[in-house]
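Subject: Structure for your review

Dear colleague,

Please find below the structure I am handing over to you. I would be grateful if you could read the notes that follow with the coordinates open.

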Amino acid sequence: MNSIVINIGNTNIRFGLFDDDNCDISWILNTKPYRTSDELQMQFMMMYQTHKIEADKIDKVIIGSVVPQLTYDVSRAIQKIHGKKPIIVDRETASGVQPKSKQMGTDIYANLVAAHHLYPADKKKIVFDFGTALTASCINESGETIGVIIAPGIITALNSLIHDTAQLPEIELIKPKSVLGLDTVSCMQSGMVYGYLGMVEGFIDRINHEVDADCFVIATGGVSHVYKPLTDKIHIADRLHTLKGLYYLGKDL
């Protein structure tokens, strides 16, 4: 069965083409500026052409969203392309995971669902999502949500720093050559990379202490690949982790 899974986030819309449980192709569109359903339809069709996807050979489209105003327009565009309504999943969608909160975002719920399906059943798990917000969510062995942390995202914080200062430039988010820099760019890179790395490692230590376990740690989101090589506290990085959770939520609907 071929499925397209769409994760509508505050910064990006990520698409994944699934052949059964395997995501073969993925791509990203920027969420901003706001686009109408007609504009979205045109963009989606262009990406389908780029990746040689034939709309009539897609059996199911699954959507998860944290941007309510975009959900309707994306759904409408998808319906025009495929001639059928997409499946909308959220924290109310039944799974082996108990969200335990009516405020939990669909992305966080999907992250926990994917962790529960894909990683060691005998371990508690932490999922870090390096998105517009940095979130850390923790789940136990039976699929019960233990809790969540939300902090400003790396890119969000970096953009704020650049916007609110007169002399700090835009930078590429990469590991600097040393922790202590002697030029503005490397100083900023160190602050953003090692500062957030220290936060993530601190969260892991505190969560492990609080739940009295050595949790299995997954990282996902746009800049997760920057942080995974810098610490052995993150066991795996997977940019498609949230998409996989949305797929598991919608595959049997």
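The notes below go through the domains, the strands, the helices and the cores in turn.

Please bear in mind that this is a predicted model.

Overall division

The domain assignment gives two domains, with domain 1 covering residues 2-88 and domain 2 covering residues 120-239. The C-alpha centres of domain 1 and domain 2 are 27 Å apart.

β1 and β2 run antiparallel and are joined by seven bridges. N2 has D19 of β2 as its bridge partner. Three residues separate β1 from β2 in the hairpin that they form. β2 also pairs with β3 (residues 22-30), again in the antiparallel sense, over eight bridges. In that pairing, F15 stands opposite W27 of β3. The hairpin of β2 and β3 has two residues between its strands, and D20 in the turn takes a positive phi of about 55°. β2 itself is mostly covered, with six of its eight residues buried.

Helix α2

α2 spans residues 68-82, which makes 15 residues. From the first C-alpha to the last, α2 reaches 21 Å, close to the 21 Å expected at 1.5 Å a residue. The buried residues of this helix are L70, T71, D73, V74, S75, A77, I78, I81 and H82. They pack against β1 (2-8), β2 (12-19), α1 (37-50), β4 (60-65) and β5 (87-89). Directly after the helix, G83 has a positive phi of about 75°.

T106 in helix α3

Helix α3 comprises residues 106-118, and T106 lies in it. Is T106 buried or exposed? Its relative accessible area is 7%, so T106 is classed as buried, the cut-off being under 20%. The side chain of T106 reaches the backbone oxygen of S65 at 3.4 Å. Not counting residues up to four places away in sequence, T106 touches G64, S65, V66, V89, D90, R91 and L246.

The five-stranded sheet

An open sheet of five strands has the order β8-β7-β6-β9-β10, with mixed pairing. β8 and β10 (236-237) stand at the edges with a single partner strand each, so one side of each has no neighbour in the sheet. Within the sheet, β7 and β8 (residues 145-152) run antiparallel and are joined by seven bridges. A133 has P152 of β8 as its bridge partner. β7 and β8 form a hairpin with five residues between them, and G143 in the turn has a positive phi of about 95°. β6 and β9, by contrast, pair in the parallel sense over five bridges. There, the bridge partner of D129 in β9 is T220.

The nonpolar cores

Which residues have the most contacts inside the largest nonpolar core? They are I126, F128, F130, I154 and Y227, in a core of 29 residues. The elements giving two or more residues to this core are β6 (125-130), β7 (133-139), α4 (154-163), α5 (184-211), β9 (216-220) and α6 (224-227). The largest share, 10 residues, comes from α5. With its neighbours within four places in sequence left aside, I126 is in contact with A136, S137, C138, I207, N208, C215, F216, V217 and I218. Another core, of 22 residues, lies apart from this one, and among its members are W27, Y48, I53 and V74.

V211 in helix α5

V211 is found in helix α5. With a relative accessible area of 15%, V211 is buried. The C-alpha atoms of V211 and K124 are separated by 8.6 Å, although the two residues are 87 residues apart along the chain. Apart from its neighbours within four places in sequence, V211 is in contact with K124, C138 and I146. C138 is also among the contacts of I126.

With kind regards

Conventions. Residues are numbered from 1 along each chain as its sequence is written. This is a predicted model: local features need pLDDT of at least 70, side-chain atom pairs count only at pLDDT 80 or more; totals for chains, interfaces and linings use all residues. Side-chain values use heavy atoms; hydrogens and water are left out. Helices (H or I, at least four residues) and strands (E, at least two) are DSSP runs, numbered from the N terminus. The expected span of a helix is 1.5 Å times one less than its number of residues. Buried means under 20% relative accessible area, exposed over 50%, partly exposed in between (1.4 Å probe, protein chains only). Contact means heavy atoms within 4.5 Å. A nonpolar core is a set of buried Ala, Val, Leu, Ile, Met, Phe, Trp, Tyr and Cys residues joined through side-chain atoms within 4.5 Å. Two strands pair if DSSP finds at least two bridges between them. Domain bounds come from an automatic or database domain assignment. A polar contact is a pair of N or O atoms within 3.5 Å; within protein, one must be able to donate a hydrogen and the other to accept it, and residues adjacent in sequence count only if both atoms are side-chain atoms.
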